Amino acid sequence: MDLQKQTTPAVAELRASDAERDRIADILHDALAEGRLTADEHAERVEGVLHAKTVGELEVFIRDLPAAHRQGPAPAPYRPTAGAIPIDPDDNVVAVFSGAVRKGRWRAGRRIHAYAIFGSVEIDLSEALFDHQQVVVKSFAIFGSVDIRVPENVSLRGMGGGVLGSFEVATLDSGDPEAPIVYVDGWAVLGSVEARPKRGKVVADILDRVHRKVDRSLRRHLGH
């Protein structure tokens, strides 16, 4: 099969970044999950992505997939930007043989750690204030459960897994490039981690930022 892609030379010859390789790898992962690629095809293309030097070389591996031709905003990346998230948590939510809840109008940090050990943790971000675009919720459920809810106008990504447990994240893409991205990481060991949008709840801060931009533009215009 001929996978050669005709692109503008100036773009095709640009050196590929790690973020661009990650984007192509994510598209290939989705194609494998959807049954568009076999396991061997997926492995072969991922290996090619890792060795690709230019943008043009990367695009070759997805030119026959629907994701390469979709119009509209690019989906949120599946991993946080390198260096954007601190190593130490801004907030710890711990439940040991008990329950812990973080909900309401609270300020979400860049990194939140949730520990449910023979207990349950609920983290509700549906009314939270987002000071940062990227937020990681590191969740550990050991014989317990971590339940995470987000507004329906953010992007939501899962990066963790389960060991004799359930780790389920409902992937969500916001149409707003300025919307927060919530990454749920961690492990469920004989327990469960679940993250999904809370219908009817949106991040008002996104609208506030838009209004502030409009106000600043109007002030500059009137000041001339």
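# Aromatic pairs and a pocket in a predicted model

Me: Is Phe143 buried, partly exposed or exposed in this predicted model?
Reply: The relative accessible area of Phe143 is 43%. Buried needs under 20%, and exposed needs over 50%. The value lies in between, so Phe143 is partly exposed.

Me: How many aromatic pairs does the rule give?
Reply: Ring centres must lie within 6.5 Å to pair. By that rule, the count of aromatic pairs is three.

Me: Are the rings of Tyr115 and Phe140 stacked or edge-to-face?
Reply: Their centres are 5.4 Å apart and their planes meet at 10°. Planes under 30 degrees apart count as stacked, over 60 as edge-to-face. The pair is therefore stacked.

Me: How many residues apart in sequence are the parts that Tyr115 and Phe140 tie together?
Reply: Tyr115 lies in strand E4, residues 111–117. Phe140 lies in strand E7, residues 134–142. The pair therefore ties together parts whose separation in sequence, in residues, is 25.

Me: What is the angle between the ring planes of Phe118 and Phe143?
Reply: Phe118 and Phe143 form a stacked aromatic pair. Their centres are 4.9 Å apart, and the angle between the planes is 0°.

Me: Which loops does the pair of Phe118 and Phe143 tie together?
Reply: The two parts are 25 residues apart in sequence. Phe118 lies in the loop between E4 and strand E5 (120–124). Phe143 lies in the loop between E7 and strand E8 (145–151). The pair therefore ties together the E4–E5 loop and the E7–E8 loop.

Me: Which residue forms one aromatic cluster with Phe118 and Phe143?
Reply: Phe118 is partly exposed, with a relative accessible area of 42%. Phe118 and Phe143 share one aromatic cluster with Phe97.

Me: Which residue lies over the face of Tyr78?
Reply: Tyr78 is one of the residues lining the second largest pocket. At 4.2 Å from its ring centre, over the face, lies Arg157.

Me: Which element gives the largest share of the lining of the second largest pocket?
Reply: This pocket has a volume of about 280 Å³. Helix H2 (18–33) and strand E11 (166–169) each give two or more residues to the lining. The largest share, three residues, comes from H2.

Conventions
Residues are numbered from 1 along each chain as its sequence is written. This is a predicted model: local features need pLDDT of at least 70, side-chain atom pairs count only at pLDDT 80 or more; totals for chains, interfaces and linings use all residues. Side-chain values use heavy atoms; hydrogens and water are left out. Rings of Phe, Tyr and Trp (its six-membered ring) pair if their centres lie within 6.5 Å; planes under 30 degrees apart count as stacked, over 60 as edge-to-face and the rest as tilted. Helices (H or I, at least four residues) and strands (E, at least two) are DSSP runs, numbered from the N terminus. Buried means under 20% relative accessible area, exposed over 50%, partly exposed in between (1.4 Å probe, protein chains only). A charge sits over a ring if NZ of Lys or CZ of Arg is within 6 Å of the ring centre and within 35 degrees of the ring normal. On a 1 Å grid over the protein atoms alone, a cavity is a set of points where a 1.4 Å probe fits but cannot get out, and a pocket is an open set with protein on both sides within 12 Å along at least five of seven lines; lining residues have an atom within 4 Å of a point. Grid points are joined across faces, edges and corners, and a volume is the space filled by probe spheres set on the points.
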